[in-house]
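Please keep the sequence and the structure in view while reading.

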Amino acid sequence: MTEIYPHELAVRRDFVAQHVLTVPDPEPPEGQIHSHHFEVELHFAGESLGEYGYLLNILTVESILDDLVERYRDSVLNDLSEFEGLNPSVEHFSRIFGDRVAERLIAAGEDTPDQLRVKIWEDDAAWASHTRAL
C-alpha cells in the first residue's frame with residue numbers, strides 16, 4: 001500500500017509514440033507496430049514543504065517532463081536502448097519513465113519529495129503506474 005503524505009504535486013503531458021508488444025503471439029494490433037496517444041502524469045508526494053512553501057519547484061518538474069516527452073514523442077519504444085530485452089508494455093514504460101525523472105531530479109540538485117508515482121495512460125481506458133520512494 002502506498003503511504004499517504006500531506007503534500008502533493010502533479011504535472012502531466014501527452015504525446016504519441018509507437019511500439020510492438022513482444023509477448024508470444026499477441027493479438028493484432030498489439031503484435032504489429034501501432035501508435036498510442038500516451039498521457040503521462042508525474043505525481044510527487046511528501047511530508048514537508050521546502051523553504052519557499054513548495055514541495056518541488058514546478059518549473060524544474062515541467063522542464064524534466066518536457067525533455068522526456070520529446071525523447072519519446074514519435075519514437076518506436078522497441079528501438080530505444082532503455083527497452084532493450086523488454087516487452088515495451090505500459091507497465092515497463094511507467095517504471096522507465098520514473099527512472100529517468102529520478103535521475104534528472106538528482107542531477108538538477110533539487111531537494112526531492114518523499115515519493116514519485118508515474119502514471120501513463122495508453123488510451124482513454126487503460127493505464128499503468130509505478131510508485132517509488134525518492
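This is a predicted model: local features need pLDDT of at least 70, side-chain atom pairs count only at pLDDT 80 or more; totals for chains, interfaces and linings use all residues.

## Helix 2 and its length

## The buried residues of helix 2

Helix 2 (90-107) has a set of buried residues: Val-90, Phe-93, Ser-94, Ile-96, Phe-97, Gly-98, Arg-100, Val-101, Ala-102 and Leu-105. An α-helix has 3.6 residues a turn, so residues three or four places apart point the same way.

The cover over the buried residues of helix 2 includes strand 1, strand 2, helix 1, strand 3 and strand 4 (127-133).

## The nonpolar core

The largest nonpolar core has 29 residues. Those touching the most other members are Val-40, Leu-42, Phe-44, Tyr-72, Phe-93, Phe-97 and Val-101. Two or more residues of this core come from each of strand 1 (7-19), strand 2 (34-46), helix 1 (58-72), helix 2 and strand 3 (115-121).

Phe-93 is in contact with Phe-15, Phe-38, Tyr-72, Leu-77, Phe-83 and Ile-120, leaving aside residues up to four places away in sequence.

## After helix 2

Gly-109 follows helix 2 and has a positive phi, near 75 degrees. Asp-111 sits in the loop between helix 2 and strand 3.

Is Asp-111 buried or exposed? Asp-111 counts as exposed because its relative accessibility is 68%, over the 50% cut-off. Asp-111 still touches Leu-55 and Leu-56, not counting residues up to four places away in sequence. Asp-111 and Leu-56 are 55 residues apart along the chain, and their C-alpha atoms are separated by 7.3 Å.

Methods: Residues are numbered from 1 along each chain as its sequence is written. Side-chain values use heavy atoms; hydrogens and water are left out. A nonpolar core is a set of buried Ala, Val, Leu, Ile, Met, Phe, Trp, Tyr and Cys residues joined through side-chain atoms within 4.5 Å. Buried means under 20% relative accessible area, exposed over 50%, partly exposed in between (1.4 Å probe, protein chains only). Helices (H or I, at least four residues) and strands (E, at least two) are DSSP runs, numbered from the N terminus. Contact means heavy atoms within 4.5 Å.
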